[in-house]
Amino acid sequence: MKLKVLIISHNSFSKTHNNGKTLSAIFSAFRPEELCQLYFTTIGSPDYERCRDYYFISDKDAVKSIFRRNRCGCQLPKVPVRDTEFIKSVMRTNTRPGIIKKYIRTLIWNFSAWYRGGCKKWLEIQKPDAIFYVGGDGVFSHRISVNLSEKLNIPLATYFTDDYIINPPSDCYKKLLQKTYKKTVTRSAMLFAIGRKMADDYTAYYNKEFKPIMNIVDIPPKEEWKAPKENIAINYFGGLHLGRAAEIMRFARFMRDKVKDSLKKSYTIGIFSFAALSEEELKELKDLGIVFHQGLTGVELTEAMRKSDILLHVESVKKEFHSLTKLSVSTKIPEYMCLTMPVMAFGPTDVASFSVIAEANPAMVINDVEDSFMMDKQADQIIKILNSDIKLASIAEANYNYSKDHFDKRIVAEQFRNEVVSMIKNRQ
């Protein structure tokens, strides 16, 4: 069957950056010529092995097009180009805007020439049969996706990877977002959410079925977990936003105050992240004995994970961050689990990421609560596990088996392709 799917998302397909990596994995059963992408945010270089037809519109392009209506955004070359101004701009990291900026951004895109300024001609060449939209908290991208689905008369599938609707506190922008989400959900012929927990909650909230789909990975051959002889290397890999740096510090204090003195072996805690920390934060990490390393990608990242003895995941217990992470599943959880490694989680245990880890084996999922008795009880359990190579090896094996059953890219990507094809056929 000849088909073309238009992916609309804030980030492009990527080999290195979280959301882009997830997209590339999900669409790995599609051929590059079957995909095209419209995106708006420059984080990392596009993945040309997954897709060759890209159209990029930045906020700056949208502003300019208010006054110059015949141009908005640009079609990227069909092959990667190095050392150009465009690629340099792609490597810049964008910060998340506040409420006022979100409103301004919404207005700018409403008045922009995002469609007639070049995207229309590009779409006429692409001739997509369906749209797959990765929905976030940008009202403008929701409107673009629904608008194009109606203009082109093609089905829309929508995928939510973060929760901005159910758990976050209410404000004026959230009310606008709720109305926008409702229109997107109503228009969508198929709906997805990242993980079972979000899919179930959104299904109940919108009274419309959401299917779970997470980051999926190439499952490597099973390896035997090797017990460390003297020191246990506990390492965290990933971003430190949403209060995660402070939570790792809380974890370090928990280990120092309640676990350390009862262990047969020593341990170290390391962080591998691209995050830019303040001098004060770096000093606090050092005082707690946490070693900060520069972030890694690709083969180097996998090697560093394999050299670890235990992989750490954290989420913040702070209310403002907890509400944003409660239904989301970190993209690195499948990457951790498929390496036949023990995974330790520290934070609020009701978050979706922790639920996934606990489904494989709950033994090292630690609930960070202000209850000394509860923390002592959990510390006793962690001590028993860290002092037992057999228990750690058993947890590592359980994680691998779970990843093979749930995150195998070859199987899940093919199932996803079949669902998209079925959606298109049902519309024809």
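Leaving aside neighbours within four places in sequence, N11 is in contact (heavy atoms within 4.5 Å) with N19, L23, Q37, Y39, T41 and I43. The model is predicted: local features need pLDDT of at least 70, side-chain atom pairs count only at pLDDT 80 or more, and totals for chains, interfaces and linings use all residues. Residues are numbered from 1 along each chain as its sequence is written, and side-chain values use heavy atoms, with hydrogens and water left out.

N11 lies in the loop between β1 (5–9) and α1 (18–26); helices (H or I, at least four residues) and strands (E, at least two) are DSSP runs, numbered from the N terminus. With a relative accessible area of 17%, N11 is buried, a term that denotes under 20% relative accessible area, with exposed over 50% and partly exposed in between (1.4 Å probe, protein chains only). Y39 is 28 residues from N11 in sequence, but the C-alpha atoms of the two are 5.8 Å apart in space.

Helix α1 is largely enclosed by the rest of the structure, because seven of its nine residues are buried. These are G20, K21, T22, L23, S24, A25 and I26. They pack against the strands β1, β2 (35–39), β5 (130–135) and β6 (156–160), and against the helices α13 (332–337) and α17 (409–427).

A nonpolar core is a set of buried Ala, Val, Leu, Ile, Met, Phe, Trp, Tyr and Cys residues joined through side-chain atoms within 4.5 Å. The largest such core has 114 residues, of which F27, F132 and L386 touch the most other members. Helix α9 (residues 244–259) supplies the largest share of this core, eight residues. Apart from this core lies another, of 23 residues, which includes I57, A62, I131 and L156. Not counting residues up to four places away in sequence, F132 touches V5, L6, I7, I8, L23, F27, A157, Y159, F192 and F416.

Over the whole chain there are 17 helices and 14 strands. Of the 428 residues, 54% are buried. The radius of gyration, taken over C-alpha atoms, is 22 Å, which agrees with the value near 22 Å for a compact globule of 428 residues (2.2 Å times the number of residues to the power 0.38). The C-alpha atoms fill a box of roughly 70 × 50 × 45 Å along the principal axes. Among contacts with a separation of 6 or more, 72% are accounted for by residues 24 or more positions apart.
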